[in-house]
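Here is a short report for someone meeting this structure for the opening time. Please look over the sequence and the model before reading on.

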Amino acid sequence: MQSHVPPRFSSQASSVWAKSFTVPAQAFTLTGWLPLYQHLDDAAGIAGLLWDEWVPRSIKILLSQTFGSEASARQLLVWLAGTHDVGKASPAFAVQVEELAKRMSDAGLPLDPGLKDGDERRGARHELVSFLAIRAWLQSEHGFDRQQAARIASIAAAHHGRPAGYPDIMRVIDSTHLIGDGIWKTTRREFLDDAATRHLDEEAVDAWRSASITQPSLVLLSSLVIVADWIASSDLFPSAELGKEPVAATRNRVTDAWRKLDFPLPWMPDPDAIDAAALLTRRFDLPEGATPHPTQTAFIDQALRLERPELMILEAEMGSGKTEAALLAAEILAGRFGASGIFVGLPTQATADGMFSRVLTWAKRLGLDIPSNVFLARGRSELNPSYERLTREAYFRSIGEDRRREHESVIAHHWFSNPRRGPLSNFVVGTVDQALFAGLRSRYLMLRHLALASKVVIIDEVHAYDEYMREFLIRVLEWLGTYDVPVILLSATLPSSHRQQYLCAYDKGRDARKQQVTDAGMTGSERKAARRARVAAEERRYADIAGLIGYPAITVSSTEGSPVVVTPASSRASRDLRIDQMEDDPQTLVETLRGALRDGGNAAVIRNTVRRAQETAALLRDEFPDIEVTLAHSRFLGLDRAAKDRGLLQRYGRDGQRPQTSIVVATQVIEQSLDIDFDLMISDIAPIDLLLQRSGRLHRHDRERPAPLRAPRIILTGMDEAGDVPEFEKGSEKIYSRALLLRTFAAVRDRRVITVPDEIAPLVEKVYGDDVGFVPDGWRETLADAVRERQQEIDERRRRAGSFTLGHVLTEADLIGWINGPDVDPELTPPGRGTVRDGDETLEVIVLQRDDEGILRTPAWLYEGGGMQIPVNEAPKHPLTRTILGCFLRLPAGMCRGNALDRHIETLERAFDLPSWHTSHALRGELVLVLDAEGRGQLNEFDLRYTAENGFEYVRRDA
């Protein structure tokens with residue numbers, strides 16, 4: 001067969017290599033290569049197909065507005081993909097492979113082989129050289145000014161996920177021995193000229209030259225170049241034999257690769273096919289005859305009224321169907337504004353798992369003609385049975401078996417199984433971290449932005465995030481505003497100050513695209529006056545949504561001014577929630593439960609700390625030997641935790657098989673997003689919004705209840721009123737702050753009834769507001785001290801978050817130095833070392849057992865896969881590997897403070913090292929904690945114990 005010879009290139013350009021191929025088993029012997037011209041042609045071809053078949057309409061609209069037309073924007077993407085690696089035509093890059101470098105040298109490109117081992121070569125990375133070459137070409141060949149040329153060229157500088165800063169550029173700009181001068185420049189110009197001849201017309205270049213290029217448009221364009229480069233660099237594109245050119249022509253290579261890749265196409269819902277009542281029953285598993293609540297109908301109506309993307313906030317009581325309303329609204333918004341999918345963010349992995357099943361059901365009922373891709377974006381996602389099944393099917397399709405079946409409407413495409421690529425899927429459910437990562441200065445941040453910018457973004461339980469996390473959320477909302485992304489925030493208990501901050505951030509990002517607010521050229525006094533004027537304008541704009549606005553409430557941002565507020569009728573009739581207090585001692589707890597459950601019933605006891613929950617469960621098991629006592633908290637193994645969640649739903653869910661009498665002792669893990677229902681609740685004192693969330697698990701479903709429990713009742717404990725000012729359990733104060741607990745207790749201590757939902761918003765506003773009139777006089781000095789401490793803590797959290805938070809939206813800026821700062825990669829950060837979550841660092845381990853005969857096994861207590869022997873001379877098979885991974889546990893923060901975390905890592909690495917695990921992609925690098933046959937063990941100064949009933953416990957040994 002004839003080789004595909006590129007007659008359009010000189011011998012020098014034809015000799016430049018882009019990729020080398022070696023055989024690791026043969027001492028990395030060089031076996032093949034790919035010329036630079038071919039890789040650039042492959043990337044350009046893929047970029048064109050991405051635009052034509054995959055890029056959603058919303059992204060095309062945004063980029064077309066920036067670059068003059070859709071044709072102009074498409075040409076820029078294709079041309080940039082076809083030139084992004086032009087910097088590989090440089091001595092610093094070429095010398096890395098001796099045989100290929102010699103071929104280039106023989107063709108007339110001079111280079112010094114000694115550069116290969118020098119440190120300075122690493123500073124002249126090829127993406128930096130690409131930036132310099134493209135910038136110079138746009139200036140010299142097409143008359144671009146330096147800034148405009150730099151903006152376009154910065155996309156090439158960003159294609160490895162972290163563009164260099166200008167100091168890095170200045171250090172090498174005159175290093176001709178690294179970059180290459182003379183014939184090197186001529187060769188790079190060949191590639192640039194060729195790509196222009198093949199992909200551009202003069203009209204497009206003229207449009208770029210005069211375009212008002214914004215930084216957000218560059219971010220999205222760079223992400224598309226990255227995707228094209230990744231695909232063109234995959235094994236879908238075969239290499240050439242050494243000394244030969246690729247056999248197949250580019251068109252054939254690209255067409256064949258695209259066919260094999262089998263990319264899922266954008267989701268394109270019909271924006272007009274919305275009948276809320278009909279869709280509600282078709283999309284969700286609801287009781288027969290169910291109809292939309294007034295809140296759901298009003299929310300969907302507001303979505304239909306929108307003329308452009310907006311931020312929508314839905315505040316409604318627990319269990320009122322906010323999720324269903326959000327998903328139906330997302331169908332409308334995606335169809336009207338060209339989004340290709342949705343992202344749903346939840347507070348925890350457990351809530352994300354629960355939501356994944358609901359979204360999967362919804363997606364399968366969309367009646368999709370073309371399969372859409374789904375992704376579960378949370379740690380250990382392979383342990384979710386539904387998602388694991390989809391990914392297993394995707395694997396078989398990827399190797400040519402079981403090709404896509406006609407009836408499949410939702411798939412887990414193999415290309416998106418990587419954590420960096422997964423968020424680009426059509427339907428993504430995950431922890432809120434996955435959205436917050438878009439506000440974190442991190443490698444490949446632009447892919448996070450593309451993933452969200454192409455979707456309708458839904459953030460559930462938006463009240464649940466602390467000040468540290470909210471700093472990231474506020475910045476993400478600003479960027480989503482500038483991308484014109486429809487955003488839906490859901491909460492039952494949202495303070496008005498948070499509502500204002502979220503709307504202000506979204507509007508700020510959107511306004512940045514209309515005009516850039518700058519103080520450049522002003523005097524100091526003028527800048528201060530301008531800032532005061534902006535603050536005053538913001539206060540006027542959001543004055544109407546301060547304080548109480550009604551409940552339920554729908555708030556919608558507006559490009560024309562103040563947000564729109566709608567207050568529909570409540571989804572349920574008002575009802576009284578009885579609220580009592582009791583002393584915090586074991587005997588009172590036992591007597592209260594004994595009296596309340598005398599005729600049967602199901603009670604929940606919620607503790608604020610794991611240790612307190614474990615102690616309470618042990619007490620109640622002793623006192624109530626004939627009653628089922630279940631313990632739920634975060635220190636169970638992953639598989640145990642999932643089994644407990646399933647068990648709670650099976651017993652206390654809408655259609656659960658409820659015991660006649662039972663007690664569930666739990667921490668905050670049942671506080672939100674679990675559709676479970678109890679007859680009575682005893683709870684440690686917590687901030688008012690969280691207490692109300694907890695009460696949402698009381699009398700949630702319509703059912704018969706024992707006579708003493710026919711009225712919903714929550715009993716508060718965990719406080720001591722013996723002194724002049726109440727004292728709270730120390731663990732509760734550490735978690736929630738004394739100030740919020742004092743204000744909450746002051747708001748409810750004299751209450752006997754809370755009317756729900758009427759008093760939800762007023763109580764939240766009272767506790768989170770500034771008024772202290774309801775606080776007893778004798779408490780106020782203590783409260784003032786506690787408020788100062790809390791403010792200092794908030795300021796410190798914001799400061800810490802600021803070290804990692806992405807900057808504000810800039811309109812007139814390139815990507816050089818865009819994400820300068822700590823080199824954080826959320827996909828490579830060790831488990832437990834948080835980036836968008838605050839708090840003490842912890843460590844995630846795999847828990848295994850060694851039996852009395854010294855054989856390593858999975859924990860004996862596991863419901864499925866327990867006691868399985870683990871091979872030591874080979875990597876475990878897939879089913880066993882999945883069970884092992886499911887035995888993950890996050891060590892408590894109390895074990896990891898100071899230098900303990902690093903000592904634990906060192907001890908665990910030294911104690912457990914199976915060479916066979918190094919060959920397993922799934923198990924490589926995991927830290928393993930081995931317990932004995934009784935579930936006991938030691939880790940440095942700690943004695944450890946694990947039981948299926950109580951989970952993980954630890955005690956520090958005396959020194």
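Are H30 and H31 oblique or parallel to each other? This is a predicted model. In it, helix H30 (residues 738-748) packs with helix H31 (residues 760-768) at an angle of about 135°, and their axes are 9 Å apart. The two are therefore oblique to each other, because angles over 145 degrees would be needed for roughly antiparallel. H30 passes H31 in a right-handed crossing. On the H30 side, Leu740, Arg743, Thr744 and Ala747 make the contact. H31 brings Leu763, Lys766, Val767 and Tyr768.

Next comes helix H7. H7 covers residues 126-142 and has 17 residues. At 1.5 Å a residue it should span 24 Å, and its end C-alpha atoms are 23 Å apart, which agrees. Of those 17 residues, 13 are buried, so H7 is largely enclosed by the rest of the structure. Gly143 follows H7, and its phi is positive, near 70°.

Now a single residue. Asn426 sits in the loop between strand E7 (410-411) and strand E8 (427-431). Is Asn426 buried or exposed? Asn426 has 5% relative accessibility, so it counts as buried; the cut-off is under 20%.

Leaving aside residues up to four places away in sequence, Asn426 touches Pro264, Leu265, Pro266, Trp267, Ser340, Gly341, Ile342, Ser372, Asn373 and Lys455.

Terms used:
Residues are numbered from 1 along each chain as its sequence is written. This is a predicted model: local features need pLDDT of at least 70, side-chain atom pairs count only at pLDDT 80 or more; totals for chains, interfaces and linings use all residues. Side-chain values use heavy atoms; hydrogens and water are left out. Helices (H or I, at least four residues) and strands (E, at least two) are DSSP runs, numbered from the N terminus. Buried means under 20% relative accessible area, exposed over 50%, partly exposed in between (1.4 Å probe, protein chains only). Contact means heavy atoms within 4.5 Å. The expected span of a helix is 1.5 Å times one less than its number of residues. Axes are lines fitted to C-alpha atoms, for helices over the stretch in contact, and angles run from 0 to 180 degrees between N-to-C directions. Angles under 35 degrees count as roughly parallel, over 145 as roughly antiparallel, 65 to 115 as roughly perpendicular and the rest as oblique. A crossing is left-handed if the near helix is turned anticlockwise from the far one by less than a right angle, and right-handed if clockwise.
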